[in-house]
Amino acid sequence: MNKDFQSRRDFVKAGSLLAGGLLAVPLTSKADGFFNSSVADEIKIALVGCGGRGSGAAVQALSTKQNVKLVAVADAFADRMEGGLKNITEALTASGSADKIAVGDNKFVGFDAYTKAIPLADVVILATPPGFRPIHFEEAVRQGKHIFMEKPVATDPAGVQKVLAAAVEAKKKKLNVVVGLQRHYQNSYRALLKNKAMIGDIVSGNVYWNNDGVWVNPRKDGQTEMEYQMRNWYYFNWLCGDHINEQHIHNIDVFNWFKGSYPVRAKGTGGREVRKGKDYGEIFDHHHVEFEYADGTILNSECRHMKGTWAKVDETILGTKGKILCGDAKIVDYKGKPLFQFNKKTENNPYQAEHDELFAAVAKGEYKFADAENGAKSTMTAILGRLATYSGQVMEWDTALMSGLSLQPAEYSWDAKMPLNPDSNGLYPVAVPGVTRFFV
Amino acid sequence: MTFRNTLGTLTFSILTSLGLVSVAQAQAQEGKPYEQDFAGIPVKISMVPIPAGEFLMGSPVAEAGRQADEGPQVKVKVEPFWMSATEITHDQFFPFRFDEKDVKPKPDAISRPTAQYIDLTWGMGKEGGFPANSMQPYTAIMYCKWLWKKTGIFYRLPTEAEWEYACRAGSKTAYPTGVQAATLAQFAWYGSNSKDAYHKVGQKKPNAYGLYDMLGNVSEWTMDMYDAKYFEKLAARPESGFIIERTAPRAYHTARGGSFKSKAAELRSADRLAQVEDWNQRDPQVPRSKWWLTDGDFVGFRIVRPVKQPSPEEAEAFFKKMLGQ
């Protein structure tokens, strides 16, 4: 390594100091070429949350053109941490770049593992269950790190507020933040957005995430309630936020993105029809929500986890002159005449693109990505939908966001007293529309 | 078209004692077409007999569109087998994919595919005869294992040699007997006529063996791992049971026959398609799904039943090895 080059980490640190107004004299401009060298420069990353998606994100980060090194891993569970590291190692060995793993002893386990991993990195990947995202994001911003974080970014209004506040800080510090709403980094969606004027004014939309559902991890002897819920995080709202938040956020977010705004209220219906047993925690298996925007625009959102039913994961955006069919990557008028067709042969891998673009910006010392605010507001949209379907009431955005409603346990420990516990039959209390109330 | 009767009486009596040999299957032993049915499931799989024989595998250097991995040609002996007349359809696949659609007797200890993250038919069609697609070779082989546990009959994917032999149906030219570049559209859904989607199986003309959609529609998995030096290795062991085995955890299979996305040259009998990482590039997880391909919507499979059936122990060992278990 050529020591004449300032290390990336020092540069990033200096950059954030600069942004914070702590340095009076600007650093050498990148136009001098000093920081452009990728030969000796090294961008250190830490992975917080080593499940399948976190490991995938780490591999994508390590597959960018920059000189990226994985220097630390953190997970609440030792087996997940080790398993994730093994999977990353296998993937990189296959691509001949196992030398990018430089974790050494920086393997951290437990609820506070993130506090030990974050300081070691220039860029932090946050990929735990979403309930933890607000505190992890807050800490990464506090420490002046660039961030890739998975969607959704919270599970409750209090968490959304925390992310929004940290997003402001991240902007001040000029920290690049990319959120894993990868359609924003997908060629077809970008092309559709560019051509959205073809449909006139957006007046409504239909978005779907209807499919089979996800994994279950049966309860094991000796697990505390905290451990059981974390191993089955998908089925508990403090961790996941229900499937409307965890998966359907993608489709809801696309509409917000194209519309350029967020809804003011939501009403909807939902419940547990086929997925009722004790293995399924508290979440619903279907939601249908009507979101209303300030100008009267309506978004119909539908998500379902039911095997054997009509499956669709897609978005349609309706305008005064035509509609955008996202899945088909085309725009048509109301007579069915095609106005625009994206060439699918030029589609990219958006999961890779989000890292390619983030790391290119970090390497160049550019401040390009501020996804956190949108990530938080699209998360809030999904949460608003859940509050509407759980209660059966009309939910106002402002009321919900400002409510401070938190689903988090009072403390994060294996013996923590949990807000939600199973009854003697092993069943968890489930929201009942018309009975369940929020903010009253 | 007759078979050498190579199915041992021992295997036959095992099947009989298990109550697993139907009249149709007994007929099949005489080298006749039959329909594999399942207790309580309203789907069947039409099986077509392919006689034993010998053929020149690969393509001659002069063949238009030829790739370097198609030769040098080797004379290969093929044992008799049955091959499914069509690519396996979603209807035929669902009883395995969805536990609740698998009516008793339900095989024990068979793991079923995980839920698809999104619908990997991409709107091209499911029920009603569309080919099952987007699956990893692992999934296709697991389906064979399920079939074996379900019916007592050993099914597997064709070897590359068996696939090409069945496809050629006696021809030595680029396309199967009776098929020419000019008439390809009568036999296949491919780039020129597919409108970028697969179609219901069996709508085009069959080849001389009665096999539909061998060319185009969906590419078909073989048992073999892709090896550019396949023919060198084959020359040393030119019998049909030859399979290029897994040498690394991430080795890739060979697919055959081209698909609805292919150009005419990729529909040649000798054309070989190597699975690549990109077929799953949009799977955001690591490790990537062993069941599904996020970007391999054009791959499916068909099954074969070798006349010479393995013993239950051999079958068990075969699946264990092929599934990397």
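This is a predicted model: local features need pLDDT of at least 70, side-chain atom pairs count only at pLDDT 80 or more; totals for chains, interfaces and linings use all residues.
I then asked how many aromatic pairs the whole structure holds. A search over all chains gives 47 aromatic pairs. One of them joins Phe111(A) and Trp414(A): the pair is tilted, with 4.6 Å centre to centre and 50 degrees between the planes. I placed Phe111(A) in the loop between strand S3 (107–109) and helix H4 (113–117) of chain A, and Trp414(A) in the segment after helix H13 (397–402), so the pair ties together parts 303 residues apart in sequence. I checked Phe111(A) too; at 17% relative accessibility, Phe111(A) counts as buried.

Next I turned to chain B. The ring centres of Tyr165(B) and Tyr209(B) lie 6.4 Å apart with planes at 45 degrees, so I noted the pair as tilted. Tyr165(B) sits in helix H5 (residues 160–168), and Tyr209(B) in the loop between helix H6 (184–187) and strand S6 (219–225); the two are 44 residues apart, and the pair links distant parts of the chain. Are these two tyrosines buried or exposed? Tyr165(B) is buried, with a relative accessible area of 7%. Tyr209(B) is buried as well, at 16%.

I also found a cluster linked by ring pairs in chain B. Among its members are Phe38(B), Tyr138(B), Trp146(B), Trp291(B) and Phe301(B).

Last, I looked for charges over rings. In chain A, the charged end of Arg231(A) sits over the ring of Phe77(A), 3.7 Å from its centre. In chain B, the charged end of Arg305(B) sits over the ring of Trp82(B), 4.7 Å from its centre.

Technical notes: Residues are numbered from 1 along each chain as its sequence is written. Chains are lettered from A and ligands numbered from 1 in the order in which they are written. Side-chain values use heavy atoms; hydrogens and water are left out. Rings of Phe, Tyr and Trp (its six-membered ring) pair if their centres lie within 6.5 Å; planes under 30 degrees apart count as stacked, over 60 as edge-to-face and the rest as tilted. Helices (H or I, at least four residues) and strands (E, at least two) are DSSP runs, numbered from the N terminus. Buried means under 20% relative accessible area, exposed over 50%, partly exposed in between (1.4 Å probe, protein chains only). A charge sits over a ring if NZ of Lys or CZ of Arg is within 6 Å of the ring centre and within 35 degrees of the ring normal.
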